[in-house]
Amino acid sequence: MKRIGSVLIALLLVFSCTACGNGQQTGENATEPSSKQTEGSVSGSDETASSGQTENHDNTAADTENTTGKTLVAYYSATGTTKKVAGYISAAADGDLFEIVPAKIYTDEDLDWTDQDSRVCREHDNESERNVELAAVAVDNWNEYDTVFIGFPIWWGIAAWPVNGFVEGNDFTGKRVIPFCTSGGSGLGENGELLENLAGTGTWLEGGEFRSSTAEEDIQIWIESLGL
């Protein structure tokens with residue numbers, strides 16, 4: 001009986017060890033795929049999120065490069081009055097200045113509107129002669145500007161035609177354009193609309209008219225009223 005009991009105890013010990021070994025193997029096999037699946041999911045999620053964040057960052061950088069909120073004040077000035085006003089606007093709007101300069105500068109004699117033989121009178125009387133060549137049309141870093149002021153004196157009720165070449169020669173797509181003029185009382189009139197039609201691009205806002213006596217404080221008030 002003692003021998004039979006010993007055999008039974010030995011058999012029980014063998015079965016017990018075998019059961020424990022199978023239990024441990026099953027647990028490891030269950031844990032390993034679970035661990036791999038979790039790692040893959042987390043890694044995949046992080047990679048996707050990281051990729052998305054990089055893409056958004058790149059898009060933001062591209063947008064900033066193309067549109068930085070900068071302001072340009074382009075102007076043609078025959079006698080210096082428009083230049084002075086442009087300087088006031090540049091200071092008030094924190095804008096860069098660009099002077100529109102004819103390739104052939106107008107002399108005092110050219111600008112003598114009382115002389116029917118003067119250059120400006122001939123150009124006024126013959127519209128075909130108003131295509132004034134400019135020293136430069138292209139503006140450095142043009143794509144960085146999203147607001148462009150365009151200034152000019154009024155000649156015979158219309159925008160001084162040297163400004164036409166600048167308007168025609170640039171693409172104002174995506175830009176706010178604000179015309180302004182200097183005159184002795186003629187006012188801006190329909191010149192903003194005429195230049196807008198000439199450009200064919202851009203969002204043109206209502207402009208302003210100024211005199212030679214306009215003070216810098218008045219320009220600052222006008223700029224603030226635009227809500228740029």
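1. From the N terminus on, the elements of the chain run α-β-α-β-α-β-β-α-β-α-β-β-α. That makes six helices and seven strands. Helices here are DSSP runs of H or I with at least four residues, strands are runs of E with at least two, and both are numbered from the N terminus.

2. The model is predicted: local features need pLDDT of at least 70, side-chain atom pairs count only at pLDDT 80 or more, and totals for chains, interfaces and linings use all residues. Residues are numbered from 1 along each chain as its sequence is written, and side-chain values use heavy atoms, with hydrogens and water left out.

3. The chain has 228 residues, of which 32% count as buried. Buried stands for under 20% relative accessible area, exposed for over 50%, and partly exposed for what lies in between, with a 1.4 Å probe and protein chains only. As for contacts (heavy atoms within 4.5 Å), 77% of those between residues at least 6 apart in sequence join residues at least 24 apart.

4. Helix α5 covers residues 191-199, and its buried residues are Asn191, Gly192, Leu195 and Ala199. Viewed down the axis of α5, these buried residues fall within an arc of 100°, so they line one face of the helix. The arc is taken from the directions that run from the helix axis to the C-beta atoms. As background, an α-helix has 3.6 residues a turn, so residues three or four places apart point the same way. The cover over the buried residues of α5 includes β3 (145-155), β4 (158-159), α4 (162-168), β5 (176-182) and β6 (203-204). Gly200 follows α5 and has a positive phi, near 75°.

5. Helix α6 has Ile219, Trp222 and Ile223 as its buried residues. Down the axis of α6 they fall within an arc of 100°, so they too line one face of their helix. On the face of α6 turned away from the buried side are the exposed residues Ile221, Glu224 and Ser225. Among the elements that cover the buried residues of α6 are α2, β3, β5 and β7 (208-210). Just after α6, Gly227 has a positive phi of about 65°.

6. How do helices α2 and α6 meet? The axes of α2 (residues 81-93) and α6 (residues 216-226) come within 9 Å and cross at roughly 50°. Axes are lines fitted to C-alpha atoms, for helices over the stretch in contact, and angles run from 0 to 180 degrees between N-to-C directions. The two helices are therefore oblique to each other; angles under 35 degrees count as roughly parallel, over 145 as roughly antiparallel, 65 to 115 as roughly perpendicular, and the rest as oblique. The crossing of α2 past α6 is right-handed, that is, the near helix is turned clockwise from the far one by less than a right angle.

7. On the α2 side, the residues that meet α6 are Val85, Tyr88, Ile89, Ala91, Ala92 and Ala93. Their partners in α6 are Glu216, Ile219, Gln220, Trp222 and Ile223. By class, the contact of α2 with α6 has nine nonpolar, one polar and one charged residues. In this scheme Ala, Val, Leu, Ile, Met, Phe, Trp, Tyr, Cys and Pro are nonpolar, Asp, Glu, Lys and Arg are charged, and the others, Gly among them, are polar.

8. Asp218 also belongs to α6 and counts as partly exposed, at 42% relative accessibility. Its C-alpha atom is separated by 9.4 Å from that of Tyr88, 130 residues apart along the chain.

9. Two residues other than glycine deserve a check for backbone angles. Asn141 has a positive phi, near 55°, and is found in the loop between α3 (119-125) and β3. Trp156 has a positive phi of about 50° although it is not a glycine. Trp156 is in the loop between β3 and β4 and is partly exposed, at 39% relative accessibility.

10. Gly69 is in the loop between α1 (2-66) and β1 (70-75). With 43% relative accessibility, Gly69 is partly exposed. Leaving aside neighbours within four places in sequence, Gly69 is in contact with Glu144 and Asp146. Gly69 and Lys175 are 106 residues apart in sequence and 9.8 Å apart in space, C-alpha to C-alpha.

11. Glu99 is in strand β2 (residues 96-99) and is partly exposed, with a relative accessible area of 36%. Glu99 lies 13 residues from Ala86 in sequence and 9.3 Å from Ala86 in space, C-alpha to C-alpha.
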